[in-house]
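Here is a short briefing on one chain. Look over the sequence and the fold before reading on.

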Amino acid sequence: MLHSALTAPARILPDWLDPAVIIEAAGPWALLVVCFIVFAETGLLVGFLLPGDTLLIISGLLTHTNDIFGVNIWPVSLLIALSAFVGGEVGYFIGHKGGPAVFERKESGVFSRANVDRTNAFFERFGGITIILARFVPIVRTFAPVAAGVGHMPWKRYSLYNLIGALLWGFGLTMFGYLIAYIPWVSEFVVEYIDLILLVAVSGTIIVTGWHYLVERHRAKKAAAADASVDDPS
């Protein structure tokens, strides 16, 4: 079986975070499922815990070693990049059309108004490269398109950077997975330690999310306390 051939004997993470399990379970729909996950991670606010980076690398590796999708690496990589681009566009329009009203009422958490303001300030300082670099950072690649929409970054400018980021991330990581299969010791390392790689990636995502939430919650409480002291000087 594909799963047993790709993974170490002891399972660490749940199956829904394991790229090999996801791809094997999807059967003939594997490529479609991979593309949807990529789209969801970049276009839907619920996708930030999905295994995006490792899924792309494993997809490329399996295209070389198992011909898992039934097509060669070029359509696989291009379709994944297209899914990433479309997801980024959807995320932008979610922020542009519906984001401000939602975020303005939220004072803490990952998708707070304060986060939108800080992200917009980052956009002002570093420009469109933010959109490109965000592709390679879990959570941020989910949030950045929405924040760009909320901040009303010009759509044509955003779309250009979104396209570049989608190609570098979606096409690039998938092709990287394909190419490392030509180096036996590297592909064997990835296959043998994929659980550990996934555990580190997901744990890092959870830690960053939790820390960010706690910081925002503390700041919101501090601001509320300051407002209360101003209202009641006694």
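At what angle do helix α5 and helix α10 pack, and how far apart are their axes? The angle is about 145°, and the axes lie 8 Å apart. The model is a predicted one.

**The α5–α10 pair**
- Two packed helices are described by the angle between their axes and the distance between the axes.
- Helix α5 covers residues 73–97, and helix α10 covers residues 155–180.
- The crossing of α5 past α10 is right-handed.
- By class, this contact has 19 nonpolar residues, six polar residues and one charged residue.

**The chain as a whole**
- The chain holds 12 helices and zero strands.
- From the N terminus on, the order of elements is α-α-α-α-α-α-α-α-α-α-α-α.
- The chain has 234 residues, and 46% of them count as buried.
- Take the contacts between residues at least 6 apart in sequence: 77% of these join residues at least 24 apart.
- The accessible surface is about 12,100 Å². Carbon and sulfur atoms account for 71% of that surface.

**Ile23**
- Ile23 sits in helix α2, which spans residues 19–26.
- Is Ile23 buried or exposed? Ile23 has a relative accessible area of 1%, so this residue is buried; the cut-off for buried is under 20%.
- Ile23 and Val34 are 11 residues apart along the chain, and their C-alpha atoms are separated by 7.3 Å.

Terms used. Residues are numbered from 1 along each chain as its sequence is written. This is a predicted model: local features need pLDDT of at least 70, side-chain atom pairs count only at pLDDT 80 or more; totals for chains, interfaces and linings use all residues. Side-chain values use heavy atoms; hydrogens and water are left out. Axes are lines fitted to C-alpha atoms, for helices over the stretch in contact, and angles run from 0 to 180 degrees between N-to-C directions. Helices (H or I, at least four residues) and strands (E, at least two) are DSSP runs, numbered from the N terminus. A crossing is left-handed if the near helix is turned anticlockwise from the far one by less than a right angle, and right-handed if clockwise. Ala, Val, Leu, Ile, Met, Phe, Trp, Tyr, Cys and Pro count as nonpolar, Asp, Glu, Lys and Arg as charged, and the others, Gly among them, as polar. Buried means under 20% relative accessible area, exposed over 50%, partly exposed in between (1.4 Å probe, protein chains only). Contact means heavy atoms within 4.5 Å. Accessible areas come from the Shrake-Rupley method with a 1.4 Å probe; for residues, only the protein chains shown count as cover.
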